[in-house]
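Below are some notes on the aromatic contacts, for your review. Please read them with the coordinates open.

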Amino acid sequence: MGHPVGHDHEGEHDGTGHVMGAGKATHDDHGRHSASESEHAGHDMHAGHDARAGHDMHGGHGGHAGHGSHGGHGDHAGQFRDRFWWSLGLAVPVVVGSPAVGDLFGYVVPSGLDWVAPVLGAGLFFYGGWPFLTGALSEVRSRQPGMMLLISLAITVAFVASAATSLGLGSLGMDFWWELALLLVVMLLGHWLEMRALGQASSALDALAALLPDEAERLDEVGEPQPVPLGELSTGDVVLVRPGGRVPADGVVVDGAAEVDESMITGESRTVAKGKGDKVVAGTVSADSTLRIKVEAVGEQTALAGIRRLVEQAQASRSRAQALADRAAALLFWYAVGAAGITLTVWLALADSVQAVQRTVTVLVIACPHALGLAIPLVIAISTAMAARSGILVKDRLALERMRTVDAVLFDKTGTLTRGAPEVVGVAAAGGTSEDEVLALAGAVESDSEHPLARAVVAAARARGSVRSARGFRALTGKGVLAVVDGEEAAVGGPALLRERGLDQPREVADVAAGWAADGSTVLTVIKGNHVVGALALADAVRPESRQAVEELHARGVRVVMITGDARPVAEAVARDLGIDEVFAEVLPADKADKVSELQDRGMRVAMVGDGVNDAPALVRADVGIAIGAGTDVAIESAGVVLASDDPRAVLGVVILSQASYRKMLQNLWWAAGYNILAVPLAAGVLAPIGFTLPMEVGAALMSVSTILVAANAQLLRRVDLNLATAPADRHRAGTSAGSAA
């Protein structure tokens, strides 16, 4: 099923998946409409990247002493790892040299070693506690009190009380050196594990960088390949890519043909045939043959660099759930401080000062919103990495979150639901002539024409056999084309050609052609000598994937709407074929945004799916703008989500990811905040009347355990299936079950 090519006024694809632009309809040599090509509005690959250096990975907790950006989680994990091991080495003699521990295990600490715990404990406080102390200072300066300030208050209280006792300042007898040592070691371990988890989740950026080879083979003046560092390539260079080698820069094939693996860009596993004139993207792999490629973009101008920037931007972007986590963390800080104050007051009134300080420090430690700070950023990092590997590039986290609430998806037709290029979809032959003969004759006549319809006819003829040679090719303005084939004149054209020659289609051809025209196909008549031998139907064929995409969206209760500049009969024919719920036809590009508003006025939350060129106003107006099939133009400014693939089924992947990641965020928020709220009374000693009190070091361990549990819960998000090739029923089941598990 299809529609006449060129009537949509929405531009054509050049056969490589890149939108060629849009223009006004003009008459061509066949008496049919075609879309004149125009250039893209230039889209910045940088996509407005949010470069806030101090973005807080932990939801308002001061960035963990300045380690808040995504790019440095690997470094921060290493720093906390080293600090943990050194602190553990210092903590062992502090714990072993503590009289309290000696009493517990039945040994006596020699009197000459009294200095070990205070000296090493003080060193441990400043060395192991330095990240927390500096983080607390950052939170005070930014007026965003949170986890680092709570930890700093706890370890400072324990340090000051212990130091005062060791120096003989008063008779409090509060020797907390070994508890302080264990407290710091456990918290450093928790932070190390947290940073490692975040670093692993953010490894998509490193994986993208690793897609590029270290060197490229640049052809010199005599055509010999010379290995050069990637940084020395410049536009205009010609590089050699051998079988199995990666393309070093964006460019166009100037020699050779090969199957190219683009899965790292589009998320699709099948290879794509590339030949002379086709565009290739840095990081893709030539699977079977050698290519010579003229470089068109290097470094930060490549598609891969653009994707990397989008991943960075998405991982750093804020979300509603993150804002909720920030507010919850701030509330928990004051809740903890208030609970600590009450605990200190009550225990001073009911017991001794040692118990009061112990309970207060334990409350401050266990109330740290550590898990809360990890709850959202880790989900963001994991979901963004998963999306990038599936060819879903999230520019705006809010757009991804809104996708779960969308109840209507508005698809642009040309190039989205359809291929955006003409194909022969029907052949009719007059009596005494076969369909193959009709197609072969038309292919011979059209072989010297560069018109898109002519190329489609020639391609169809070649698919059924070789194309015969023709001579004397001539274009008949507004009517068609003619040439001499096997010594006899033949012509291909539209109704004007028949009228000029005073011919009518035979009944068996006319009946079939009338049905084609009613379905919106372009009909070309094939004439040999002075007789009509057959006719061809050409249409912008519907993508096979489109039908599955519509079915899957319907299965999730989402209404599917199509918008196009085509005539209504053409649009309705496509809608019937795909089972689309509603059609907006004969819509000019400038009016598409109004149709989005019309759906919104009916109370619908609308996702607009288009090619991002003529659809920009509608993409902006929609609740969620999705640019599909963007190829190398990965930074279309008007869209919140960019799909590297032109497969419309990827839209369902966005829905699945939105639902699963938002569910995971809420689960982590409830777990983290609920844990803190319930654990504080326990730390304060509400069970002391029945003989149970929570030691400081156990409180620190429980705080770290809660962080690990939140991290493990976030990792379950990886079970969500975003594979575009999965069957509809399996996709729905996998998305639902994984989302529930997530």
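1. Is tryptophan 177 buried or exposed? Tryptophan 177 has a relative accessible area of 3%, so it is buried (under 20% relative accessible area; exposed is over 50%, partly exposed in between; 1.4 Å probe, protein chains only).

2. On provenance: this is a predicted model, in which local features need pLDDT of at least 70, side-chain atom pairs count only at pLDDT 80 or more, and totals for chains, interfaces and linings use all residues. Residues are numbered from 1 along each chain as its sequence is written, and side-chain values use heavy atoms, with hydrogens and water left out.

3. The whole structure contains 5 aromatic pairs (Phe, Tyr and Trp rings, six-membered for Trp, with centres within 6.5 Å; planes under 30 degrees apart are stacked, over 60 edge-to-face, the rest tilted). One of them is edge-to-face and joins phenylalanine 125 to phenylalanine 126, at 4.9 Å between centres and 75 degrees between planes. Phenylalanine 125 is buried at 4% relative accessibility, while phenylalanine 126 is partly exposed at 47%.

4. Phenylalanine 159 and tryptophan 177 also pair edge-to-face, 5.8 Å centre to centre with 75 degrees between the planes. This pair links distant parts of the chain, 18 residues apart: phenylalanine 159 is in helix α6 (residues 147–166) and tryptophan 177 in helix α7 (residues 177–201). Helices are DSSP runs (H or I, at least four residues), numbered from the N terminus. Phenylalanine 159 is buried at 16%.

5. Through ring pairs, Phe125, Phe126, Phe159 and Trp177 form a cluster.

Technical notes:
Helix = DSSP H or I, 4+ residues; strand = E, 2+ residues; numbered from the N terminus.
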